[in-house]
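Good morning, and thank you for the time.

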Amino acid sequence: MYKKGIYRIEANEPLTETVWRMRLAGDTQWITAAGQFVNIALEGKYLRRPISVCDCDEGTLTLIYKVVGEGTEQMSRLEAGAELDLLTGLGNGFSTNNNARRPLLVGGGVGVPPLYNLARRLLAEGKPVEVVLGFNTASEVFYEEEFRALGCHVTVATADGSRGVEGFVTTAIAAAGLNFDYFYACGPLPMLHALYNAVEQDGQLSFEERMGCGFGACMGCTCKTKYGNKRICREGPVLQKGEIIW
Amino acid sequence: MVENQTIRDGAALQADTSVELCGLRLDNPVVPASGTFGYGYEFKDFYDINILGSFSFKGTTREPRFGNPTPRIAECTAGMINSVGLQNPGIDAVIRHELPRLRHFFRKPVIANISGFSVEEYAYCCERIDKQEQVGIIEVNVSCPNVRHGGMSFGNSPETAAEVTRAVKAVTTKPVFVKLSPNVTDIVSIARACEEAGADGISLINTLLGMRIDIRRRRPVIANTMGGFSGPAVFPLALRMVYQVSKACRIPVMGCGGVQSARDVIEMMMAGATAVQVGAANLVNPYASKEIVEALPGEMRRLGIERLTDIIGIA
């Protein structure tokens with residue numbers, strides 16, 4: 001179920017040179033799973049901007065976004081007290097309704113945020129959570145300590161080796177010999193594909209696509225799966241490993 | 001919808017928003033446009049869609065279609081480009097699954113948007129949809145490429161647009177609206193050719209062919225390079241074409257293009273539209289059509305309009 005509502009910005013601050021965190025106050029009851037997203041109306045921009053939910057509790061939600069274009073640049077200039085028109089509760093999100101006992105969470109760059117709320121949920125279910133975060137370089141790393149503070153075991157990989165393991169998330173998983181029986185992933189397409197090929201365990205992967213509406217009406221973000229066409233915004237963004245067609 | 005409102009002198013001024021389209025009475029002229037409203041299902045949780053005049057369902061073809069590769073969407077100033085490529089489950093699945101499901105939350109006659117890649121395909125789909133009592137009007141999208149003739153769209157010439165119209169009219173007794181493309185030299189000659197071929201009405205405009213480039217990647221944003229531009233930026237152009245076509249034809253016109261407010265609906269009707277479609281606005285604000293329906297009586301009162309039918313083509 002998705003709804004439109006007005007949310008007040010409580011904080012909007014940079015985490016790295018290009019990645020920002022925004023905390024919003026408002027009705028969060030429609031957000032029911034980690035990995036769902038909101039679609040934000042911005043002054044002077046025609047289409048809304050879809051941003052995944054990093055975390056939420058009763059009355060507040062946290063978004064982490066990367067400044068990549070005019071829309072997100074505009075978001076970074078918004079100040080506390082400003083109000084935003086959001087569609088919330090969009091997408092399926094990750095499902096923890098499975099038999100996995102030792103989940104691995106794999107995030108790449110701005111794909112890291114939705115895993116934070118997922119980690120909280122999995123820990124609450126009493127599962128030990130293994131986290132691998134991949135970035136290009138040390139200055140782009142964010143939320144390593146936040147995951148650790150939750151109680152996750154965290155491994156960081158950077159492509160240039162300036163922090164943690166040198167290489168990709170797949171390098172880090174192999175090098176650390178991590179013990180897991182299921183994985184959840186969100187990140188750029190090449191990372192998801194490499195992970196899919198490198199890991200034999202089952203899992204769920206969250207995808208990104210340019211969207212029109214964000215709630216299933218325009219058919220702008222459809223992909224093919226083994227079980228038929230799916231809209232990334234509605235039946236996604238999370239797909240089961242077993243249904244993906246690359 | 002007839003809304004009673006007591007004004008200050010105690011007299012009741014009725015804002016009559018109802019219109020008639022080829023014998024079909026609509027409570028109001030507001031009709032979500034094809035391709036922006038699916039088969040209604042995505043909107044039923046936002047509001048009761050029975051408040052709409054009707055809606056035009058997703059362009060449907062004989063075979064199921066996946067559509068074009070992604071990205072299919074590009075942001076523009078005051079609008080968007082889409083290149084969905086007529087993704088739809090095919091006419092049989094629409095009749096078997098979508099229409100029965102729609103019946104649970106929409107009681108009014110729906111407008112069936114039919115697309116095709118050959119004259120025979122249009123006729124086949126319209127013959128199938130003709131038997132569906134839930135369908136009040138057939139809207140024939142002639143902006144699709146004619147695969148037998150080098151891919152030029154049926155709506156690009158008066159002859160091919162008329163050919164599709166005749167083929168469709170031969171297999172249905174339901175009113176047929178031909179939805180025209182604005183990407184033509186002379187829209188009036190095409191509208192008249194459709195009228196002479198037996199069309200009961202004209203819908204216009206479809207999207208305008210547009211393009212964006214991702215200047216960092218140095219590549220087109222849309223995977224298919226080009227797509228259909230829509231949104232408030234196209235409103236004046238759509239209004240002009242509605243005006244020209246409604247002046248030149250006797251059959252009713254459904255105006256479409258960039259409509260996002262009750263005032264836009266009224267302006268479109270003053271240009272000659274009998275009903276008005278709302279397209280891209282539904283994608284940006286899922287409540288857009290509802291808000292327009294609700295704002296209409298108030299706007300009418302402010303402008304001294306008692307019956308919407310009084311202003312059709314008044315400009």
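In chain B, β8(B) and strand β9 (residues 135–141) run parallel and are joined by five bridges; strands here are DSSP runs of E with at least two residues, helices are runs of H or I with at least four, and both are numbered from the N terminus. Two strands are said to pair if DSSP finds at least two bridges between them. Within this pair, B:V110 stands opposite B:V135 in β9(B).

Before I continue, this is a predicted model, in which local features need pLDDT of at least 70, side-chain atom pairs count only at pLDDT 80 or more, and totals for chains, interfaces and linings use all residues. Residues are numbered from 1 along each chain as its sequence is written, while chains are lettered from A and ligands numbered from 1 in the order in which they are written.

The two strands belong to an open sheet of seven, with parallel pairing, in the order β5-β17-β16-β11-β10-β9-β8 of chain B. Its edge strands, each pairing on one side only, are β5 (30–32) and β8 (110–114) of chain B. From one strand to the next the twist averages 25°; axes are lines fitted to C-alpha atoms, for helices over the stretch in contact, and angles run from 0 to 180 degrees between N-to-C directions. Helix α5 (residues 235–248) of chain B packs on this sheet, touches β11 and β16 of chain B, and makes about 170° with the direction of β16(B). Contact between two residues requires C-beta atoms, placed from the backbone, within 7 Å.

What surrounds β16(B)? On one side, strand β11 (residues 201–204) of chain B runs parallel to β16(B) and is joined to it by three bridges, with B:I202 partnered by B:V253. β16(B) also pairs in the parallel sense, over three bridges, with strand β17 (residues 275–278) of chain B, where B:M254 stands opposite B:A275. B:V253 and B:G255 point one way from β16(B), B:M254 and B:C256 the other way, and all are buried, that is, with 20 or more other C-beta atoms within 10 Å of their own, C-beta atoms being placed from the backbone. In a regular strand, side chains alternate between the two faces of the sheet.

I turn to chain A. Its open sheet of seven strands has mixed pairing and the order β10-β9-β8-β7-β11-β12-β15, with β10 (165–166) and β15 (238–240) of chain A as the edge strands. β7(A) and β11(A) run parallel over five bridges, and A:G107 stands opposite A:C186 in β11(A). α2(A) packs on the sheet, touching β7, β8, β11 and β12 of chain A, with its direction at about 165° to that of β7(A). Among the buried residues of this helix (residues 114–124) are A:L115, A:L118 and A:L122. After α2(A) comes A:G126, with a positive phi near 85°.

Finally, how many residues of each chain are in contact? The contact involves 21 residues of chain A and 25 residues of chain B. On the side of chain A that touches chain B, ten are nonpolar, five polar and six charged; Ala, Val, Leu, Ile, Met, Phe, Trp, Tyr, Cys and Pro count as nonpolar, Asp, Glu, Lys and Arg as charged, and the others, Gly among them, as polar.

Definitions and conventions. A residue is buried if 20 or more other C-beta atoms lie within 10 Å of its own, exposed if 12 or fewer, and partly exposed in between; C-beta atoms are placed from the backbone.
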